[in-house]
Each structure stands twice: as C-alpha cells, then as structure tokens.
Amino acid sequence: MTGIRGFLYQKLEGVHLASWRGALLLVATFIIFQILHTAVTAIYNIYFHPLREIPGPKLWIAFPLLKNLHMMGGDLDFKVRAAHEKYGDVVRFGPDQVGFTCPEAWRDIYGHGHAELPKSYVKGSAMDDGSIVYSNASNHFRLRKAMQPAFSEKALRQQEPLIRVYVDLLMERLREVADKGDSTNIIRWYNFTTFDLIADLAYGEELHGLAGGKSNMWIDNIEKLMKLMPILVLVTTSPLLSKVLQFVAGPKIRKSKAKHKEASELMAMKRINRKEQVDRGDFMDYMMRSRGEKHEMTDAELVANCDLLMIAGSETTASLLSGVTYWLLKTPHSLKKVTEEVRSMFERDEDIDFIEASAKLPYMLACLDEALRIFPSIPISLTRKTLPGAPTPIAGVMIPENTKVGVHQLSAFHSERNFYRAKEYIPERWLPESTNDPSSPFYNDRREVHKPFSFGPRDCIGRNLAYHEMRLIMARLLWNFDLALEEQSKNWHEQKIRGLWEKPPLMVFVKRRTE
Ligand code: HEM
C-alpha cells in the first residue's frame with residue numbers, strides 16, 4: 001500500500017514540477033518578448049520614425065509610459081514647458097506627438113487653412129453625443145450656426161440683467177463676509193457666481209449657490225474627476241488596467257453618469273416646455289429659434305449642449321477670476337492702478353455695466369489678458385490629428401500623417417521667445433504704450449501666440465460673454481472692496497495640473513472699501 005502511495009506521490013510531484021516549469025518558461029518568454037518589443041520599438045521611434053528629425057525628450061519618445069507617470073504626478077505640463085524651453089518652438093513629445101509654441105501653429109493646426117484637422121480625442125462619431133465640442137465636422141457647422149446667436153451682441157444685451165442679479169448677490173454676500181472680518185476662499189464665491197448665472201442662462205433656473213451656499217452636481221463632478229484623474233491616467237497606459245477598471249468601477253461610473261444625464265435632461269426639458277420664458281433672450285431661447293430651420297437642434301442636442309455650457313462657461317471663467325485676483329494681490333502696483341481706474345471712472349457701483357466697463361477700463365482688460373497668459377484656464381494642448389494621405393505643413397515643418405499636434409498653451413504663453421519677462425505678471429505689456437512704442441521692451445512680444453480661447457472654427461463661442469462677465473465682476477469687486485492675500489495663499493500659483501489647474505483654496509481678506 002505504502003509502496004503504491006509513494007509511487008503515486010512521486011508521479012504527482014513530477015507532473016506538478018513539470019507544469020510549474022512550463023508556466024515559468026511561458027512567463028519568462030513573455031517577459032523577454034515584451035522587453036525585446038519595447039527595445040525594438042524604442043530604437044525605431046528614435047532612429048527610424050518619420051518624426052526622428054524633430055528634437056524632444058528621447059526618454060519620452062522611447063518610453064511613452066514615462067510621460068504618463070508625470071501626468072499622474074501633476075507635473076507633466078511643467079515638464080513640457082521645460083522641454084520647449086530647451087528644444088524650441090517645435091518639440092516631439094512622444095512617438096507620434098508634436099507640440100508647438102509659435103503663433104503660426106495656431107493658424108495651421110486650428111485654422112481654416114486646410115481641411116479641418118480632427119480633434120485627436122473625438123473618435124469617429126462614437127463620442128458625437130450631440131454636444132458641439134465632440135461633434136464631427138458637418139454636425140459642428142450646423143450646431144455652431146444654431147448656437148452662435150445666443151452669444152451675439154444683441155443676446156448679450158438681453159442677458160445682462162439676468163447676469164446682474166448674480167453679481168449683485170455676490171456683492172451682498174461678500175459684504176457679509178467683510179463684516180465678519182474672517183478671510184474667505186474666494187474661489188468658492190467665483191464658482192457659485194459663474195455656475196449660478198450660466199445655469200440661469202441655460203435652464204432658466206436658480207442653483208442657489210450664492211443664495212444658499214449650495215454646491216451643485218457640475219461642481220461636484222469636477223471635484224470628483226480631479227480626485228480620480230491619477231487613476232484615470234494610469235489606466236490609459238494599459239488596456240489590461242483599463243479592463244480591470246471597467247470591471248471594478250464600470251457599473252458605478254455608468255450609474256453616476258446616467259444620474260447626471262437624467263437630472264440635466266429634466267432641467268433642460270422643463271426649460272424647453274416653459275412657455276412663459278419664451279423671448280427671455282437666454283441660451284435656450286436663442287438655440288430654440290433654430291427650430292424649423294435647416295440647422296435646427298433636436299431636444300437631445302439642446303440637452304447635451306446646455307450640460308456642456310454649464311462646464312465650458314463656468315469653471316473656465318471662475319478659474320480666470322481666481323487667477324487675476326491672486327496675481328493682482330501679488331503685484332501691489334497693478335492692484336493699486338486697476339483699483340484707481342475703476343473707482344475714478346465710476347462714481348456709483350450701479351453705473352458699472354457691460355458697455356461702460358468695456359469702454360472705460362483699458363487697464364482692467366490688460367490685467368485680465370495678462371492673467372489669461374500667465375494662468376490660462378486651459379493650460380494644456382488641445383490636440384488635433386494630422387490627416388491621412390499626405391504630410392501637413394505646420395509652422396514650416398512637414399508633419400507626417402496621423403500625428404497628434406497642438407499648441408501647448410502654458411508653454412507658448414510662458415515662453416521667453418514669445419514674451420519679454422514671460423514668467424512675470426505685467427499687465428502693461430498689453431497697453432498701447434507697449435504695443436505701439438518700438439522702444440518698449442514689450443514691443444516685440446509675439447502677442448499673436450496668445451489665444452487662450454483657441455482659434456478657428458472651433459474656438460470659444462463664449463469669449464465675449466466671458467470678457468463682459470469677468471470685467472463686470474472684477475470691476476464691482478474692486479469698486480466695493482479692498483482685498484488682501486492671506487499668508488497661507490502666498491504661493492498659491494504653485495499648483496499641479498491634471499488637465500485643469502488643481503487649485504487649492506485662495507484665502508483672501510475682503511474689507512469694505514476705505515477711501
Ligand atoms: C475665461 C473663460 C473661457 C476660456 C478661457 C475658454 C476657452 C475655450 C477654449 C480654449 C475652447 C476650445 C476647446 C476645444 O478646442 O476643444 C473653448 C470652446 C468652447 N467654449 Fe469656451 N472658454 C471660456 C468661457 C466660455 C463661456 C463663458 C462659454 C459659454 C457660456 C464657453 C463656451 C464654449 C463652447 C460651447 C465651446 C465649444 C465651441 C465649439 O466647439 O465650437 N466658453 N473655450
């Protein structure tokens with residue numbers, strides 16, 4: 001019996017050992033194959049790829065994963081900026097990716113010069129969910145035609161009283177803050193204001209951010225997304241990880257997306273059916289005027305684009321308002337100058353409106369433009385893909401087909417090749433005293449590279465509204481209050497970027513103005 005058992009054990013161990021050896025051999029072969037594949041691809045990408053002549057960080061070109069690690073760490077965009085400083089206006093950042101920082105690149109990548117280069121993140125029509133940013137070329141043309149009137153001068157005049165309600169409310173709330181004497185996180189107030197007013201223009205409804213200090217699902221979503229960003233970046237590095245994420249978190253993500261869609265759809269449909277708000281002059285009113293025309297928007301498109309406008313029109317403006325506040329507080333002579341401009345031009349707070357503010361406050365405009373340069377709301381590169389079939393000339397360089405290309409805003413706006421004393425906040429560079437005087441050190445600034453609202457047929461549709469809104473809010477803030485930076489926010493600009501700036505609280509003392 002023992003003899004038989006011993007014999008069987010020996011056999012089983014043999015099988016066990018043999019299968020272990022087989023498995024190990026398989027894993028080793030796989031690893032060796034992976035190493036060889038990575039090495040051969042790296043050598044090809046550096047020495048034989050059609051983009052080999054374009055300079056760039058070799059390690060990223062050879063091993064693109066390294067770039068993603070920087071994205072996860074939140075310092076990728078600063079590394080990209082450093083690479084542009086080292087290599088110049090045209091830099092290769094990956095096997096099939098080239099970044100630009102010169103003015104001509106805007107025209108060649110985003111302009112009308114040739115057939116439109118598609119957005120690299122719009123895959124066919126799969127993401128074409130009705131929102132204008134993801135639409136393919138023909139849908140985009142139609143949607144833009146339907147949405148454009150909502151951003152015309154006429155519409156802005158109708159929208160101003162709706163917007164004023166929220167700017168008045170902001171002033172009221174800040175007076176309460178001032179009377180308490182504590183410092184406050186000004187970003188929260190800017191977020192409440194911009195989200196409240198865009199919601200009113202899109203849905204004809206109040207979100208009660210300013211009135212009740214209530215957050216909303218759009219702000220919550222952005223916060224969630226920022227927290228999840230490192231994980232999302234990590235999974236893009238490997239199809240396997242992406243599958244794992246789909247399996248683990250897929251149902252929860254889908255449920256939360258569906259919940260958001262349902263809520264925003266409900267708000268949009270209520271507004272579409274609210275007859276008493278016809279001719280209100282808000283976004284929905286103008287977009288619905290496309291009904292019966294060739295370019296008419298469907299209900300689904302109205303729903304998707306109102307949701308888009310909430311994000312595109314609020315976070316961007318609030319971010320810039322935070323940036324301009326910080327940089328003014330760090331630059332006392334600019335703060336003094338802009339405050340004096342506002343207070344000398346307007347006797348009463350209520351006299352400040354869209355038209356008067358744009359006519360009477362040139363230094364304020366320079367302060368906003370300089371903030372859009374040093375702290376662009378979209379600091380990254382909005383990548384496009386060159387067309388198949390033939391190389392595309394971009395800024396004088398022939399770029400092969402299917403290459404991801406873009407102007408990296410942070411690098412272009414902070415480049416010493418484009419701006420004198422580029423890392424400093426100097427609103428004077430935008431004034432006629434600099435732009436018209438050849439003896440000014442800022443005369444040769446390449447201002448044409450500064451396109452924080454992008455360029456071409458897909459540039460920002462809300463640019464004018466954004467300027468009016470930002471000017472009105474800043475002018476009224478400076479007319480009413482004296483501001484000071486709290487010590488803990490003195491290095492606020494040292495932030496990470498993961499798609500958007502990761503803004504820590506901006507703590508500011510707000511005091512009723514003293515003459
Ligand atoms: C400081 C404020 C703002 C900045 C810096 C900004 C910047 C931009 C940029 C860079 C784009 C191009 C995006 C791309 O190519 O994918 C864009 C597009 C867009 N923006 Fe803005 N934006 C601002 C405010 C607004 C406002 C207030 C609205 C409307 C309420 C708005 C609505 C849009 C829309 C709908 C698009 C898509 C346009 C299209 O695809 O044709 N933005 N914005």
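By class, the shell around the ligand comes out as 15 nonpolar, six polar and two charged residues. Before going further, please keep in mind that this is a predicted model.

Let me stay with that shell. It holds 23 residues, and the closest to the ligand are A312, G313, T316, C460 and G462. Two elements give two or more residues to it, helix 13, residues 299–330, and helix 19, residues 463–480. Which element gives the most? That is helix 13, with seven residues.

Now to C460, one of the closest residues. The UniProt entry, which is unreviewed, has a "binding site" annotation that covers C460. On the chain, C460 sits in the loop between helix 18, residues 432–435, and helix 19. If we set aside neighbours within four places in sequence, C460 is in contact with F453 and S454.

Strand 2, residues 97–100, runs parallel to strand 7, residues 404–407, and four bridges join the pair. If you want a place to look on screen, find V98, which stands opposite V405 in strand 7.

Last, two backbone points. As background, most residues other than glycine have a negative phi. Here D279, which is not a glycine, has a positive phi, near 65 degrees. D279 belongs to the loop between helix 11, residues 239–273, and helix 12, residues 283–288. With 9 other C-beta atoms within 10 Å, D279 is exposed.

The second case is R421. Its phi is positive as well, about 50 degrees, and R421 is not a glycine either. Where is R421 found? In the loop between helix 17, residues 409–413, and helix 18. And why does R421 count as exposed? Because R421 has 12 other C-beta atoms within 10 Å, and the exposed class takes in residues with 12 or fewer.

How values were computed. Residues numbered from 1 in each chain as written. Predicted model: local features only at pLDDT ≥ 70, side-chain atom pairs only at ≥ 80, totals over all residues. Near = placed C-beta within 6 Å. Nonpolar A, V, L, I, M, F, W, Y, C, P; charged D, E, K, R; others polar. UniProt positions renumbered as here; feature names shortened; annotations may be inferred. Contact = placed C-beta atoms within 7 Å. Pairing = 2+ DSSP bridges. Buried ≥ 20, exposed ≤ 12 C-beta atoms within 10 Å, placed from the backbone.
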